[in-house]
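Subject: Structure for your files

Dear colleague,

Here is the structure I said I would pass on. My notes on it are below.

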Amino acid sequence: MKDLSHLWIWLTILVLVFFCVPYFFAGTYEPLVFGVPLWFLAILAASLGLTAFTLYIILRHWRLAATILGEEDDA
C-alpha cells in the first residue's frame, strides 16, 4: 500500500458495505416498523450512509487536478 494515511477511508467503506448486506436478519421479516421490515430500514440507512460518505470523499479528498495534469501529490 502506497499511502497509509487513507486507510481510514477504506476501513469506513468496508464497514458500511458490511452493514449494507442483511446478515443479521436472515430468515425473518419481523419486526415491522411502519409496515416495513426493520432489515429494509437498516439497509436503506447503511446505503444512504455509504452514498453520503462516498460523495464526501470525492468532493473533499479526491484530487483530480493533480492526476489529470500528471503531477505528483507530495502532501
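This is a predicted model: local features need pLDDT of at least 70, side-chain atom pairs count only at pLDDT 80 or more; totals for chains, interfaces and linings use all residues.

Helix α2 takes in residues 38-60. The buried residues in α2 are Ile 43, Ala 46, Phe 53 and Ile 57. Helix α1 (7-19) is included in what covers them. As for spacing, residues three or four places apart in an α-helix point the same way, because there are 3.6 residues a turn.

The structure has four aromatic pairs. In one of them, the ring centres of Trp 8 and Phe 53 are 6.0 Å apart with the planes at 75 degrees, so this pair is edge-to-face. Since Trp 8 belongs to helix α1 and Phe 53 to helix α2, the pair ties together parts that lie 45 residues apart in sequence. Phe 53 has 12% relative accessibility and therefore counts as buried, whereas Trp 8, at 38%, counts as partly exposed. Ring pairs also bring in Tyr 56, which forms a cluster with Trp 8 and Phe 53.

Another pair is Trp 39 with Phe 40: the ring centres are 6.4 Å apart and the planes stand at 85 degrees, so this pair is edge-to-face. Trp 39 counts as partly exposed at 31% relative accessibility, and Phe 40 counts as partly exposed at 40%.

Regards

Note on methods. Residues are numbered from 1 along each chain as its sequence is written. Side-chain values use heavy atoms; hydrogens and water are left out. Helices (H or I, at least four residues) and strands (E, at least two) are DSSP runs, numbered from the N terminus. The expected span of a helix is 1.5 Å times one less than its number of residues. Buried means under 20% relative accessible area, exposed over 50%, partly exposed in between (1.4 Å probe, protein chains only). Contact means heavy atoms within 4.5 Å. Rings of Phe, Tyr and Trp (its six-membered ring) pair if their centres lie within 6.5 Å; planes under 30 degrees apart count as stacked, over 60 as edge-to-face and the rest as tilted.
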